Amino acid sequence: MAFDPLLLTTSLAIAGVAVAIYIVYDIRKYPTGNEKMVAIWKAIREGANAYLKRQFRTIAIIAIIISLVILGAFSATVNFTYGGEIALSFLLGVVFSLFAAYIALYSATNSNVRSTAAAEKSTYEALRVATMGGGALGLIVISMSLLGLSLLYAAFGDPGVLAGFGFGASLAALFAQLGGGIFTKSADVGADLVGKVEENFPEDDPRNPAAIADNVGDNVGDEAGRGADLFESLTAENLGGMIIGLIVSIIIFQGINIYYVTMPLIVRSLGIVATFGGLAVAIVEKKFKNPIKPTRDGLLVASVIAGVLMFVATWYVFGPSGLTPSGSTLAVFALYGCMVSGLVSGLLIVLYTEFYTGTEAKSVITIAERSKSGPALTVMSGTAVGMISTGLPVITVAIALLISFGLGEQFASLIPALAGNVFLGGVYGTTMATMGMLSTAGIVLTMDGLGPIVDNAGGIAEMSGAPEVIRERIEPLDALGNTTKALTKGYAMGSAALASCCSFRRLSWR
């Protein structure tokens with residue numbers, strides 16, 4: 001039976017975008033609290049929007065100039081048509097990335113005050129609103145990246161054209177993450193210097209005029225900037241996987257086999273379905289002692305769903321009677337094992353990071369105790385824990401690479417046309433391991449996105465003079481936000497390590 005994989009990936013990408021936008025507007029139904037909360041919220045939102053507007057205008061000007069340069073360069077060396085395709089792809093990369101960043105920011109700046117107001121009922125309600133806001137970030141980033149690649153490949157059928165899309169995403173990420181990151185950290189440090197150091201004010205004291213800028217920075221750096229940055233990373237890793245699939249298909253079939261090329265897209269699209277399931281669990285779970293439990297359970301559920309769906313897809317495409325049969329049942333299990341190795345390694349890295357950075361982590365408690373003796377011991381203890389914490393993730397990534405490469409070689413050895421080039425099969429195996437890890441990117445980004453939201457919620461509660469009970473309910477969520485942001489950094493490190501090794505091997509094979 002004929003099956004168009006791009007129809008599947010495009011449909012699921014559109015569904016992901018639609019659900020993300022629905023979540024953003026559903027959040028607006030929640031109350032915004034009293035007048036003081038609303039006034040502070042409007043100031044934060046105004047500052048974030050002003051920054052983003054200026055940044056987008058600057059990026060747009062530079063993007064148009066670069067697109068004209070691309071058009072001229074390719075027109076002179078290849079032809080005008082191909083130059084136009086690359087330039088269009090580049091501009092779409094910029095537009096899709098900035099759209100994802102805008103939705104992420106819009107979601108965060110509408111969730112923060114509503115999370116504060118929801119704390120009047122319970123910690124669960126506040127966490128639920130923040131998780132929904134983070135879910136919009138996770139879904140919009142993975143869906144827009146997948147949608148752009150699917151549409152462009154369906155239109156042009158040339159991964160070379162898609163490289164322009166990745167370049168455009170990189171340009172947007174350069175400005176959004178670099179500018180937003182500098183803004184948020186400089187505002188944070190400035191607020192601490194003028195407030196805590198000079199005036200001995202507590203965090204987010206309303207007497208500190210820099211407190212608003214600090215909260216604005218959380219949105220433009222950790223929401224809009226992170227959204228654009230992760231959009232670029234996912235796009236580049238997906239594009240690299242497609243190119244490797246193209247090389248493999250050319251060797252086997254002496255032409256382009258769409259299933260080998262689009263298998264990375266298929267796996268990523270199934271990750272959107274997994275995100276739906278994980279996000280539903282994270283939102284509805286009410287009974288917890290540690291606030292990280294709902295999102296952690298959501299990640300576990302998303303991992304299980306992704307694992308099941310990846311097996312179904314692998315069997316349907318590469319099974320003995322599949323769309324492009326590999327000719328061996330063992331080959332199917334070998335390729336699926338590559339995906340599982342990436343999926344499991346990503347999950348383990350998240351758990352490792354929680355072990356070192358969670359609110360109940362022994363290392364965190366030890367650093368807190370030593371901080372009573374002064375800043376020197378705090379810095380040394382934190383540095384020591386940071387160095388030790390890298391060990392397990394590095395070992396896990398190395399093991400995942402060895403397993404996926406070995407299984408990839410096994411996959412190739414069972415296909416007659418690839419049997420003489422099992423090394424390339426190993427490369428394809430590491431590619432699918434990367435896609436397996438990225439299949440849960442949506443729920444991990446949800447965990448990352450809720451961090452700045454609860455951070456803002458705590459700031460709004462403090463600056464508005466909210467009742468003590470509200471601040472007590474938000475305080476553990478503020479600590480949770482720091483942990484979830486660390487989890488995402490660990491996860492991003494793992495996926496980047498897998499992807500960079502794939503790129504190195506691709507170049508060395510060539």
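Me: Which element supplies the largest share of the lining of the largest pocket?
Reply: A residue counts as lining when one of its atoms lies within 4 Å of a pocket point. In this predicted model, α15 supplies the largest share in the largest pocket, with nine residues.

Me: How much space lies in the largest pocket, and which residues are nearest its centre?
Reply: The pocket holds about 750 Å³ of space. Its lining comprises 25 residues, and those nearest the centre are Tyr-356, Thr-357, Val-364, Asn-482 and Ala-486. Two or more lining residues come from each of α9 (329–357), α10 (362–370), α11 (375–389) and α15 (468–509).

Me: How do the lining residues of the largest pocket divide by class?
Reply: Ten are nonpolar, twelve are polar and three are charged.

Me: What is the volume of the second largest pocket, and which residues lie closest to its centre?
Reply: The second largest pocket has a volume of about 580 Å³. It is lined by 25 residues, with Glu-203, Asp-204, Asp-455, Gly-459 and Asp-478 closest to the centre. The elements giving two or more residues to this lining are α5 (159–197), α6 (211–253), α14 (441–463) and α15.

Me: Which element gives the most to the lining of the second largest pocket?
Reply: The element is α15, which contributes eight residues. The helix α15 also provides nine residues to the lining of the largest pocket.

Me: How many residues of each class are in the lining of the second largest pocket?
Reply: This lining has 17 charged residues, five polar and three nonpolar.

Note on methods:
Residues numbered from 1 in each chain as written. Predicted model: local features only at pLDDT ≥ 70, side-chain atom pairs only at ≥ 80, totals over all residues. Heavy atoms only, no water. 1 Å grid on protein atoms, 1.4 Å probe; cavity = no way out; pocket = protein on both sides within 12 Å on 5 of 7 lines; lining within 4 Å. Points joined across faces, edges and corners; volume = space filled by probe spheres on them. Helix = DSSP H or I, 4+ residues; strand = E, 2+ residues; numbered from the N terminus. Nonpolar A, V, L, I, M, F, W, Y, C, P; charged D, E, K, R; others polar.
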